[in-house]
Structures are given as C-alpha cells and as structure tokens.
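Biologist: I would like to learn how to read surface patches and ring pairs in a model. Could you walk me through them?

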Amino acid sequence: MTGLNATLSLASQALSAESGALATTNNNISNVNTPGYSREVVDLSADALNGNGQNQESGVSYNGFTSVRDEVLQIGIQQKTADASSLNAQSTLWNQIQSSFSSTTGSISTSFSGLFSAISTLSTAPSDAGARQSAFSAAGNLVDAFHEAAAALNDAQTQADSGVSGLVANINQLSTQIASLDQQLASAQASGQDGGSIEDQRDELTTQLAGLVGITSTSTQTTPSVSTAGNSPLVVGSTAYALQVTEGSDGTTHVLDAQGKDITASITGGALGGALTMRDAEIPQVSGALDTLATQFAAAMNAAQTQGFDASGNQGTAMFTLPTTGSAAAGISLALTSASGLVLSSDGSSGSSGNVSNLIAVQTSALPSGQSPGATYSDYVESIGDAAASVSSRSTATNLALTQLTTQQASESGVSIDEETTNLLRFQQAYTAAAKVVSTVNDLYSTLMNMGVVTS
Amino acid sequence: MRVDPDLYTSVNASIQQSEQSLQTAMTQLSSGKRVAIPSDDPLAFANNLESVAASAAVDTYTKNGDAVLAQAQIADSALSSVVTTLTEAVSLGTEGGNGTLTSAQRSSLAQQVQGLLAAVVSQANTTSNGNALFAGTAGVAVPFVADPSSSTGYAYQGNSNSNAAEVGEALSVAINIPGDQIFTSASGNVLGSLQSMVVALQSGSSSDIASATSAVSGAIAHVDQIRAMYGNTVNQLTTENDYLSQESVSLTSQQDSLVGIDTATAATNLTQAQTAQSAVLAMAAKILPTSLLNYLQN
C-alpha cells in the first residue's frame, strides 16, 4: 500500500528526472555546431526496489548523462588525419615544384633545343659572327635554366624547413592543453562523473595534434598518454613533454624529444611529417637527379669542345664549369668568356664547321645515365609529375577515407536537431504528466483535509 | 541505423566538388589544353617535351637546308657562268689555231682570253653573305689573288677542306667544294688551261694553242662534274625539306593529341559540369531548410 506522500515523492522524482533530461536535451541543442561535441543521452533508471528489498513502485532515478562516442573510430580518425595532413603538406610542395617545370618556354628542355639549334645553324655559316654570338647566348640561357630549376627546388626545401619550428611550437601548445584536460578528466572520473565535454575537447585537440605530427594515443587507460610515432612521449597523465628544435650540422632544423633525442627521421605523420619527408627525402632525390643531368651534360659538351679549335685557331677548352662542391645544377657556369671560344673548327681554320657535328651529337647521344639529354630531362619531368600526381591522388583517397570515418562518427555522436526536438516533446510531455500527478495528489489531499467539513 | 545528422557539411563538400569539376572544364576549354602541369598526365607531358624539342630540331634543319640550298644555287650559277666563259675561251682558242692569223690578231685574242681568265677568277671569288664560296674552310674573303710568281698568275689562299651542314637528324651534306679542286685541279685546271692558252696565243705556236684549247675543253668537263655534285646536293636538300615539312606537321598534330583537348569533348565536359552544379544547388535549396521544427510551428 502506497501512501499519498510516497506518490508525491515519486512524482517529484519524476519531475526532477524529466527536467534533468530536458537540461541534457538543451545542452545537445546548444552544442549542435560545436566541433568535436558528442551528443549526450540521459541516463534514467526505474527504482524497482524499496529500502526493504520489496518489489514495489519506487519511481525513476536520474543518473546523469553519458556522451555517445566510439573510441575505435576516434583512433581511426586520428590516424587518417595524420596521413591526410602529411600528404596535403607534400602535395602542396609538389605542386609548387611542378609548377616550375610546367612551362614550355624558358625551361631546360627549350634551352637544350635553343643551344643545339643555334650551334646547328653555325654548320651552314661558321663565319657568321651574329650566329656565333646567338649560340654563345643560348649556352648562357641553358645555364640560367639550370639555375632556375635548382632555385625552385631549393625554395621548396627551404619552405619545408622554415615551417618546422612553427609546427613544433603548435605541437607543444596542444600537448600542454591536452595535459591540462587530462588533469580535469582524472578528477572528474575520480568523482565518478562522465568525462563529457572535457573528453570531447580532449579528443578534438588530440585529432588536431595528430594532424601536426603522427601520434599514438591511449586515452582509455588509467594514465592517458600521447606519443609520437617514434614513441617519444608528448603527454603522459597530466604532464606535457615539449619537443625542441635545433639546427643540425646540415643546416636544417632538427626535432628533439623532451630527453634531447633526435627524432627527426622517425616523424612521418602529420603536417610536420609531410614537411620533413619532402625536405629530407623527396626534394634531395629530385635535386640529385637534376645535378646528375647538369654534370653529365656539361661533361659531354666539354668533351666535344676539346675536339676542335676555337675562332682564333686555338685548341678548344671547356664550355661549362661545374662547382667542386654543392649542387651542380645551381653552381654550373659558363667557362667560355666570349663567343669566339665556341669550338666550330675541326682543322684550325676559321671557316671550318667540322666540329659542329661533334657538338650537336651530344643532343642525340646517350649520357652515362643512359639517355640523351632531352630524353633524360623529359623523363625527369615525368618523374616529378608522377610523384605530384601520386601524392595528390593518395591525398584525395585519404581525405575521402577520413570523410567516411568522420561521417561514421557523426552518425554515432552527432547531434540531430530533429531527434532533440522529438526528445524535447517527449520529456515535456512526461514532465507535464508528472506535474499532473502532483496536482492530482494535491486535489486528493484537499479532499482528505476537507473531509467532514461542511461547505456551504 | 542512425545516420549522420549533419547535412550542411556534406552539402558543402558536394558543392565544392561540383565547382571544381566546373572549373576544370572551363580551364581546359579556355586554354585548349588537357595537360597543363606535369601531374595532369606525366607521360603525355614528358612526351610532349620531347615532341616540342623534335619540332625545334626540324625547324632548325629546315632553316639549315634553306641556307645550304641558297648557297648551292649561288655556287651553281657561278659555275654555270664559268662554263659559259670557258666555252667562249674554247672558241677563241679554235679561232687562234687558224694559221692565217697575224700575230697582232693572235695577241688581241690572247688579251680577250686574259679578260676571260679575269672573269673566271671573279666567279671563283664569289661570296655569299661576305664569305667566299670556294675557299674551302679557310674563312678568307678572296681565295684567288693575283700572283705573278704562280704558273696560273693566281695564288689560292683557301684550303682543301670542306664543311658539312646539319640538315637532318644524323644527316649532313657537304655545302662547299674547295676552290683548288674546282679551279686548279689536276683533272681539269681551269685557271691553268686559260693561262696556258694566253701564253700559247702570244707565242703563236699552233700546237700549243691546240693543246691549250683541248685543256680548256677538259676543264669544262671537270666543272660540269662539279656542278653535278652541287646538283646532287640540291636534290638531296629538296627531298629532305619535303620530309621535314611533313615531319613538322605530324609532330604538331602529335603535340595536339598529347596535351591538347578535343573541343567537342571539352564542351561536353563543361555542359556536364554545369548540369551537375545545378543539380547540387537545387538539392541544397531543397533539403537544407527542412527540419521537424518547420512542421511543429503550424
């Protein structure tokens, strides 16, 4: 037998539970556009037992709320974010590089053509001073084209390097924020509360951190930690470990972990990983191939020069000078000081064009690397195009996968206005009904109080 | 199953995607190029580079061929004049062989032959763009200069080498024949035979005149042979030029097919992109304003 008091207390429990549920719904609606917010569901339970263990109606109990989130999806999103950011960073630099090799005029390819055309023309008029000057200028143009290509590669490399310090500063800032959230989270969990929006924020920051540097994150353990791919800790518990930067012996920026260990080579994920991959692996390879072409081409032309005589009848000398150290493409220069140094004559007389065939044979002869200079260069541009296209399509694919994961996560954790509106109506109705119970009990009490009182 | 309630993000992504294909179609149509940067189609871009280089080479070969052709024609016309002059000398020699002539008449003939000799030398010193055509590779402006100590009365300043011009890939043609092989050759000494005719006419020896006349006839045969060599060069160049102009056309069309875009395809792509864009926008307009609240308000 339940008394009116018990009924009243049941109704008031219901009122407070429904108003708690309304508050949760309200919070969901408020945060519908908050990045990283996971929808909260209210946690209600029926109290089936009374204090004596007897089965009877004891009302509803409001146990707070739980955020709906999937930790596995979250880890997947972190990994894809790291991959996507790395590929985006690489793609940007590749596009920048390939734009320097897109031009059909003023390129190394057209400069080869220009030089050989000018020399070939001299075979019909070896004594033509104007034509000789044109060939000399064409050789200068080729040197300029090599310099420009080398400078474009160097620019991209410098750009990748200059971003490193800034990225590391951002990483350290995020680590500090995550550590401070971990502290709040620990005290919330110690008092038995759901992490709620603190955990949402932590997930959001961790994903941002993954976009900067590839990470492995363990947030479900008692001591949550975040570390880089090389297993250098960034956050352990509520302590953040700052990465450091230092200038290496090669003049580039190196990344050290909190213990001072150089972890530059192990970072592959995130924007930092992308920049480091381009700076330390991709661009050096591309530059190296250009240097090989410059070196071998210069050697071939120089060899052809020595087979004849210049305009003054002297034994021919080298056309190009290669630097003894550093990039050949950036340091190649014209060894000849004037057009008269071009070696056209095969017999020492000024009207001979017998050496022209030796010079222009370089255009069609294979360099030591296996192909003619023109074919070597076009293969070289093809390899740049291939790399740019491959990174770009991998980036597209990774972004697509990331979008799918994000959609999947949103379908799990995203706030739906329609759903919340429905819940609003549901909890409103329940609240109204519970209030009706209170008012009914009130009526019953009035009836009870007025029993025996004669009313006029 | 619960679905992603956030329509805005996916609608934004769709709009961006359709805008991108619209832009690609527009860029291709306005530039006429399917491959603008290496990553658009790395192989086609690389092949185009080589094709453009081959076009440049063909242009140069064509120009070289034209230059050589012009020189060969000048040389041929000079040698043609030489043959005419020599034929004149033969008739003068035949006239001089007539025993009835007085020494004064023969001396006058000798003077005429001397004049013909000077005319031949002037042809032998023919220049093209300031360069002597018959000086070998020596690069001297005047290959034959008067030299009283020489048996022919002229000294050759050139050399016996010749140049070859690059008129095709791995194809070169000789562009000049050294002056000594034409005018003072052992197999037909033009200058020597004329000089000996002058001497013979002055001496009056009919046998000397006869042998000098036949030597001049021999020189005509020799110069004709040389002309035939120039003729061969001209024929070779004409054939090569035909080939090169075909090659130039086929290279241009190769470049078009490598990096160019078919206008019809480009226009179709543009239309498709426009249709897709309209569809995406219509969809966005339809679904974005929809929510349960719209219906509850009524």
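**Reading patches and rings**

Modeller: Gladly! Helix 1 (7-31) and helix 7 (263-287) of chain B each supply at least two residues of a nonpolar patch. Keep in mind that this is a predicted model.

Biologist: Which residues form the nonpolar patch on the surface?

Modeller: The patch consists of B:Leu7, B:Tyr8, B:Met283 and B:Ile287, which together have about 340 Å² of accessible area. B:Leu7 itself sits in helix 1 of chain B.

Biologist: Is B:Leu7 buried, partly exposed or exposed?

Modeller: Buried means under 20% relative accessible area and exposed means over 50%, with partly exposed in between. B:Leu7 has 37% relative accessibility, so B:Leu7 counts as partly exposed.

Biologist: Now the rings, please. How many aromatic pairs does the structure hold?

Modeller: Over all chains there are nine. Take A:Phe112 and A:Phe297: their ring centres are 4.7 Å apart and their planes stand at 50°, so this pair is tilted. The pair joins distant parts of the chain, with A:Phe112 in helix 3 (residues 108-121) of chain A and A:Phe297 in helix 6 (residues 270-305) of chain A, 185 residues apart.

Biologist: What is the relative accessible area of A:Phe112, and how does A:Phe297 count, buried or exposed?

Modeller: A:Phe112 has a relative accessible area of 4% and is buried. A:Phe297, at 0% relative accessibility, also counts as buried.

Biologist: And what kind of pair do B:Phe134 and B:Phe183 make?

Modeller: For the angle between planes, over 60 degrees counts as edge-to-face. The planes of B:Phe134 and B:Phe183 are at 75°, with ring centres 5.6 Å apart, so the pair is edge-to-face. This pair, too, links distant parts of its chain: B:Phe134 lies in the loop between strand 2 (131-132) and strand 3 (144-146) of chain B, while B:Phe183 lies in helix 4 (residues 179-183) of chain B, 49 residues away. B:Phe134 is buried at 0% relative accessible area, and B:Phe183 is buried at 0% as well.

Biologist: Which residues do ring pairs link into a cluster?

Modeller: The cluster is made of A:Phe112, A:Phe116, A:Phe146, A:Phe297 and A:Phe320.

Key. Residues are numbered from 1 along each chain as its sequence is written. Chains are lettered from A and ligands numbered from 1 in the order in which they are written. This is a predicted model: local features need pLDDT of at least 70, side-chain atom pairs count only at pLDDT 80 or more; totals for chains, interfaces and linings use all residues. Side-chain values use heavy atoms; hydrogens and water are left out. Patches are made of residues with over 30% relative accessible area and no salt bridge: like charges are joined within 9 Å, nonpolar side chains (Val, Leu, Ile, Met, Phe, Trp, Tyr) within 5 Å. Accessible areas come from the Shrake-Rupley method with a 1.4 Å probe; for residues, only the protein chains shown count as cover. A salt bridge is a side-chain nitrogen of Lys or Arg within 4 Å of a carboxyl oxygen of Asp or Glu. Helices (H or I, at least four residues) and strands (E, at least two) are DSSP runs, numbered from the N terminus. Buried means under 20% relative accessible area, exposed over 50%, partly exposed in between (1.4 Å probe, protein chains only). Rings of Phe, Tyr and Trp (its six-membered ring) pair if their centres lie within 6.5 Å; planes under 30 degrees apart count as stacked, over 60 as edge-to-face and the rest as tilted.
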